[in-house]
Amino acid sequence: MSNNKVLKLGLPKGSLQDSTLELFANAGFHFSVQSRSYFPSIDDDELEAILIRAQEMARYVAQGAFDAGLTGKDWIIETDSDVVEVADLVYSKASMRPVRWVLAVPESSPIKTVKDLEGKHIATEVVNITKKYLAENGVNASVEFSWGATEVKPPELADAIVEVTETGSSLRANKLRIVETVLQSNTKLIANKAAWEDPWKREKIESMAMLLQGAINAQGKVGLKMNAPKAALDRIMSVIPALRLPTVSSLAGNDWVALEVIVAEKIVRKLIPELKRAGAEGIFEYNINKLID
């Protein structure tokens, strides 16, 4: 598109798609995806988005097909793509922690360390990462690209696999044992180098990064507001495990204060009764979409 006031954004299609669109919605960018469409609509005229596999994203961003995109650190390394890594976005389809590429073997395998792979056969989707890992450990082994269902290949079709996992449950279900972690990875917001040098595009990308990180920071947290007599303030402050010091404002009459604080949502059911017993009144809880440091 000739209009340079449009940022071309690549969004990951597949397992990360739903959690990515939810993250963008919490950041204030609302995409609408029609079934079988690769072109989501967006409530921002300055954005144009395409859904594409995360495995291909870094290469297309490096080539300039996209100004920016979301993909894993693993795929940047695997495709050896020269891009600007703008921000870490630690979220995933199942958890709020980085994923791991691990070396795994059948439970009954004699392989205990990477050194035991000498002369063996490994199946994986990340051939380059695996070859680099073997070279760093001085091991010669054959590495074959796996088109999917990698967990079922040992022991008949491979001695070992290098596979991505969040919890390890799928590997355990297939009677596989993790030997070592090859690479830890998380989602990154990346930018094309030329786009990063364009002042308007850079500001747009940086603003997006700030809002996305704010949405991640806010996950699992809520706000609490309450009123309290000044005489109870010390007791109330002692039971609040705040992320930051509570905001305290005087109310009319000088005998009462209003408090506002952000806390982890999981502790609220225990905290609210304690606040009430400590003297707080008019307590209410509210959701937060973004928490900007």
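Trainee: Which residues of helix α9 are buried?

Mentor: In this predicted model, the buried residues of α9, which spans residues 268–278, are Val 268, Leu 271, Leu 275 and Ala 278.

Trainee: What puts these residues on the same side of α9?

Mentor: The arc that they cover around the axis is only 90°, and therefore they lie on the same side of α9. In general, an α-helix has 3.6 residues a turn, so residues three or four places apart point the same way.

Trainee: Which residues are exposed on the other side of α9, and what covers the buried ones?

Mentor: Arg 269, Lys 270, Lys 276 and Arg 277 are exposed on the other side. The cover over the buried residues includes β13 (221–229), α8 (233–239), β15 (256–264) and β16 (281–287). After α9 comes Gly 279, with a positive phi near 120°.

Trainee: Why is Ser 185 called buried?

Mentor: Buried means under 20% relative accessible area. Ser 185 has a relative accessibility of 1%, and therefore counts as buried. This residue lies in strand β11, residues 176–185.

Trainee: How do you know that the side chain of Ser 185 makes polar contacts with the backbone nitrogens of Lys 73 and Asp 74?

Mentor: The cut-off for such a pair of N or O atoms is 3.5 Å. A polar atom of the Ser 185 side chain lies 3.3 Å from the backbone nitrogen of Lys 73, and the side chain reaches the backbone nitrogen of Asp 74 at 3.0 Å. Both values are within 3.5 Å. Leaving aside neighbours within four places in sequence, Ser 185 is in contact with Gly 72, Lys 73, Asp 74, Pro 98 and Val 99.

Trainee: How do you know that the span of helix α7 is close to the expected one?

Mentor: Helix α7, residues 199–218, has 20 residues and reaches 29 Å from its first C-alpha to its last. At the start of α7, a side-chain oxygen of Asp 198 comes to within 3.0 Å of the backbone nitrogen of Trp 200. Just after the helix, Gly 220 has a positive phi of about 80°.

Trainee: Which domains make up the chain, and how far apart are the centres of domain 2 and domain 3?

Mentor: The division is into domain 1 (7–94 + 187–218), domain 2 (99–185) and domain 3 (221–287). The C-alpha centres of domain 2 and domain 3 are 51 Å apart.

Technical notes
Residues numbered from 1 in each chain as written. Predicted model: local features only at pLDDT ≥ 70, side-chain atom pairs only at ≥ 80, totals over all residues. Heavy atoms only, no water. Helix = DSSP H or I, 4+ residues; strand = E, 2+ residues; numbered from the N terminus. Buried < 20%, exposed > 50% of the residue type's maximum accessible area, 1.4 Å probe, protein only. Polar contact = N/O pair within 3.5 Å; in protein donor to acceptor, adjacent residues only side chain to side chain. Contact = heavy atoms within 4.5 Å. Arc of directions from axis to C-beta. Domains from an automatic or database assignment. Expected span 1.5 Å × (residues − 1).
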